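Dear colleague,

I am handing over the structure below, and my notes on it follow. Please read them with the coordinates open beside you.

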Amino acid sequence: TDSRSGPDPLGTLRATLQRLCGHDGQTPPQTLLIEGGTTETRLAAALYWAGLFNCASRLEDALPDFLAGDAGPCWACPTCRRLLSGSYRDFFLLDGRNSSIKIDQVREIRKIVGDPPREQGRRVVVMAESQHLTIEAANALLKSLEEPCPGTLFVLTVHQRERLLPTLVSRSWVFTLPWPHSGEGALSDPSILAWAQALTDFLRTGREWFGRTGAKGALDAAGLAGLIACCRAALAAALVMRASEGRTVTHPAHPAAGLPLAALLAEGLDEVRCRRLSEALDACEEALAYTVNPALLADWLATRLFIWLEEVRRG
């Protein structure tokens with residue numbers, strides 16, 4: 001579809017991508033990591049990035065000039081149409097939305113990036129939902145990022161950078177879209193908020209949690225699902241708070257930013273442990289589908305989070 005009509009999933013953030021791509025003589029980052037937003041907006045941002053370097057109507061002039069001002073992909077020229085259809089020879093999408101990205105796929109890309117681009121612009125390799133790179137594939141990709149690849153740009157999309165190997169993040173320019181306000185239903189439920197406060201108190205003092213979860217029927221599957229959603233919202237708010245430190249924030253604060261749990265996570269977890277928490281929440285949701293005792297799952301989650309916070313506190 002033509003990005004100039006209907007709702008724009010990137011909004012005013014397109015201007016930031018335009019500035020990044022080499023305007024005023026700057027060198028665009030070889031690896032762009034796009035986090036936040038939704039799966040769809042992250043992929044839309046990656047496609048827009050590819051269009052900035054390859055749109056034929058912009059390449060009619062000298063390359064530095066086409067990136068100036070408000071220029072963006074036209075989405076109407078033959079090149080843009082081929083980008084949208086996935087048939088452009090210098091656009092590669094390794095799609096982790098529905099399955100893992102495997103080492104054989106990355107190896108095929110490594111064979112290609114050693115050669116110059118086949119078209120007039122730049123080659124763009126997108127790893128969509130790159131948290132689904134296997135360990136072997138992630139290490140193979142890291143080798144490519146450590147080597148100069150003239151004319152080739154990489155894009156990694158992920159919900160949050162903590163889900164990736166730190167070595168991949170350190171070699172990337174991170175572009176953060178506003179996180180979606182997930183968990184809003186849980187944030188308006190007094191019973192769920194009471195559980196979130198109880199969890200926060202336990203994480204601070206190490207007391208009273210097990211007596212609460214041990215009461216018969218105290219926490220059912222629906223209640224734990226709400227607590228997980230609340231934890232996800234608190235983690236997203238914590239990541240926004242961490243990313244906003246020392247910077248001017250141009251988008252509204254996350255609705256969960258006022259939760260004591262969000263403040264505790266922002267202050268108490270480093271990047272590695274934020275990633276572990278996200279994975280633990282995934283594991284709890286998966287276990288719920290197999291009718292595991294909700295109280296035991298809640299204890300498992302609370303215990304691990306307490307240990308991670310203690311590890312950070314003790315240095």
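In this predicted model, T31 stands opposite F154 in strand β4. The pairing to which I would draw your attention is that of strand β1, residues 31-35, with strand β4, residues 152-157, which run parallel and are joined by four bridges.

These two strands belong to an open sheet of five, in which the pairing is parallel and the order is β2-β3-β4-β1-β5. Strands β2 (91-95) and β5 (173-176) stand at the edges, and because each has a single partner strand, one side of each is left without a neighbour in the sheet. On average, and with direction ignored, neighbouring strands of this sheet are turned by 20 degrees against each other. Helix α6, residues 135-146, lies across β1, β3 (123-128) and β4, and its direction makes an angle of about 140 degrees with β4.

Turning to the helix pairs, helix α9 (residues 190-205) packs with helix α12 (residues 260-268) at an angle of about 35 degrees, the axes being 9 Å apart, and the crossing of α9 and α12 is left-handed. On the α9 side the contact involves Q197, L199, T200, L203 and R204, which meet P260, L261 and L264 in α12. By class, this contact of α9 with α12 has five nonpolar residues, two polar and one charged.

The second pair consists of helix α13 (residues 271-288) and helix α14 (residues 294-313), whose axes come within 10 Å and cross at roughly 175 degrees. Since angles over 145 degrees count as roughly antiparallel, α13 and α14 are therefore roughly antiparallel to each other. From α13 the contact draws on R273, R276, L277, A280, L281, A283, C284, A287 and L288, while α14 contributes L297, W300, L301, L305, W308, E311 and V312. The residues of the contact of α13 with α14 divide into 13 nonpolar, no polar and three charged.

Leaving aside neighbours within four places in sequence, C231 is in contact with L199, L261 and L281. Among the residues already listed, L199 of α9 and L261 of α12 take part in the contact between those two helices, whereas L281 of α13 takes part in the contact with α14. C231 and A186 are 45 residues apart in sequence, and their C-alpha atoms are 9.4 Å apart in space.

With kind regards

Terms used: Residues are numbered from 1 along each chain as its sequence is written. This is a predicted model: local features need pLDDT of at least 70, side-chain atom pairs count only at pLDDT 80 or more; totals for chains, interfaces and linings use all residues. Side-chain values use heavy atoms; hydrogens and water are left out. Two strands pair if DSSP finds at least two bridges between them. Axes are lines fitted to C-alpha atoms, for helices over the stretch in contact, and angles run from 0 to 180 degrees between N-to-C directions. Contact means heavy atoms within 4.5 Å. A crossing is left-handed if the near helix is turned anticlockwise from the far one by less than a right angle, and right-handed if clockwise. Ala, Val, Leu, Ile, Met, Phe, Trp, Tyr, Cys and Pro count as nonpolar, Asp, Glu, Lys and Arg as charged, and the others, Gly among them, as polar. Angles under 35 degrees count as roughly parallel, over 145 as roughly antiparallel, 65 to 115 as roughly perpendicular and the rest as oblique.
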